[in-house]
Amino acid sequence: MSLLSLPHPKTQEQTNTDLTTAWAPKFTSNHIQNTRGFYNPGILCYRNSAILVFLHSPLFLNWLERYYRAHESCGSEGKCLICGLYELCIAYWGTDPDKAAGFGGSLMSVWTRLRETSWSYAEEKDQQDVREFMDRLLEELLNEIDEEGRHELNEIFKMQISNDRVCLECSQVMSMQPDQRFFLAANFNPERSPGHDKIHELLTTPSHSMINCGQCKKETKHLLRERITYLPEILLVQVNRVFNVDRVSHRNHDPVKLADQLTIPPEMLDDTVKSAGGVHYELYGIVFHISPVAQSGHYTCAVKGPKGDWAWVDDHRNTWTDLKTVEEVFLDEGENAINWHTCVYVLAYRRLPLDRSLALGLQPLANNDDSAVQPTNDDETGKSGSFHTPTGDTPRGSPSNPDPGSARPSSSDDVRLDQTIRLTGRKLRWAVQEPVLIPEGCGPLIRIRRGRRVQYAELRLTLTCEATGELLTGKGRISLKPNIIRKSERTPEPVAVMNTRDIGTQTSPGTGLKVISKPQGITKDKSESRKPTSTGSRAQSH
């Protein structure tokens, strides 16, 4: 493994904090290369499809270039993920024919780095999941960049979600920790009627699970209620095509109807982000999983290029370009035609309108204080819309203030929060001490991933002067060094009402979350993933 000093130190300050969501002018030049696929030596169709989606994400590429140019780059021996992705972008889209011809070699720097780090556990000879690979790539980017870059990348890709569960027998509400995720999961309704499902209908399909109810004193059916408290610029969606019956995985083949745009309906949004008529996104990437079973198959993808045309790509074998609409992407009139609506697995959307300038890293986190409520009786449980996130590590967040009736004294499970706030260049300094609570089932205070020496924490801060109406708000990410205090050294903890919790990054699956199964991908014979060549507007390249 190469030894890299990360994050790279800055070589210049970023004087211009704005980024555009549209393709930069150099990507729309007549001299750039066309969309094409990567060589697949056997079972890397998932990698090739995922990388193509990232290479067709203009905001991500604009951010990547700005970050790369403001920091030192790696030397010739080994590349970090930032340097590798930037050089791959230049080789893939550049106007230099020599570099363009070797763009596959640039992919190897990215692949080598991922195999050394976040993707080291994946066996190259085994089938892998494209959604999991995309998750790991983004997580490794967050690990390798500086604090400012993490703020920006999170605002591009990560959504924030508040949620609770409602017992359908007694209506008790069980508050859960707010969540942050790269992917929304779209689940099929078990009682669906024949025909196409529209993607926005899948996103709002109610989700239920059997968990223990503290009031009923038994396992009961609960409804998951969720709200988006922050919408990212790039929205990634996973269509859950795997379901289990008697612990045996099966693949769902129901067709999914896609349109050029997706509207996130108001019922999915928290009041802090609600917009009249919903929030609008444009579809620009589709990853297909082609297989009759869940355990194996083949991944291909369709992506929207800098000039607005779609291209359908199957590794290095075939690329069909000049597809003008989503409908053309799904058109298949060949002898062995496939219903591509039944193969939709991962979707990539970018937020509208385009051509906006963004000041990333400066936006305050959404206020989640009213998003999770304490146990109560609620006769409107069926009126709450629901959407779903893939399960996995769950960063913890701030719940609402508890109902006064739910107040309790602090216990040995409580944590004392000591804060010191000082405004730089000012004679203003505050010291705040208060107890906070580790929710039941969340484990110890310290839980650090293997290979790390610190616990990272994401903080948000709002200072309001009611007399003058002034407001200061911001967020940050800091590292916390773990230690253990002997019991004799511990100071008595005050008896107080818990009325706030800080944002943490302790990771563990949320209680009762639904497991999202993932189809795997291996290379199949080309006849099993054949696209038509009879459509005159499609130019086939090899």
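Biologist: What share of the contacts in the chain with a separation of 6 or more comes from residues 24 or more positions apart?

Modeller: Such residues account for 75% of those contacts, where contact means heavy atoms within 4.5 Å. Please note that this is a predicted model, in which local features need pLDDT of at least 70 and side-chain atom pairs count only at pLDDT 80 or more, while totals for chains, interfaces and linings use all residues. Residues are numbered from 1 along each chain as its sequence is written, and side-chain values use heavy atoms, with hydrogens and water left out.

Biologist: How many helices and strands are there?

Modeller: The chain has nine helices and 24 strands; these are DSSP runs numbered from the N terminus, with helices being H or I of at least four residues and strands E of at least two.

Biologist: And how much of the chain is buried?

Modeller: Of the 542 residues, 51% are buried. Buried means under 20% relative accessible area, exposed over 50%, and partly exposed in between, with a 1.4 Å probe and protein chains only.

Biologist: Which residues touch the most other members in the largest nonpolar core?

Modeller: They are Phe60, Trp63 and Phe157, in a core of 68 residues. A nonpolar core is a set of buried Ala, Val, Leu, Ile, Met, Phe, Trp, Tyr and Cys residues joined through side-chain atoms within 4.5 Å. Helix α3 (residues 81-93) gives the largest share of this core, 10 residues. Domain 1 (29-150) and domain 2 (183-205 + 233-358) each supply at least three residues; the domain bounds come from an automatic or database domain assignment.

Biologist: What does phenylalanine 157 contact, leaving aside neighbours within four places in sequence?

Modeller: Its contacts are Phe54, Phe60, Leu138, Arg181, Phe182, Pro232, Ile234 and Leu236. A second, separate core has 40 residues, among them Met159, Ala186, Phe188 and Leu283.

Biologist: Finally, where does leucine 459 lie?

Modeller: Leucine 459 belongs to strand β22 (residues 455-465). With a relative accessible area of 33%, leucine 459 is partly exposed.
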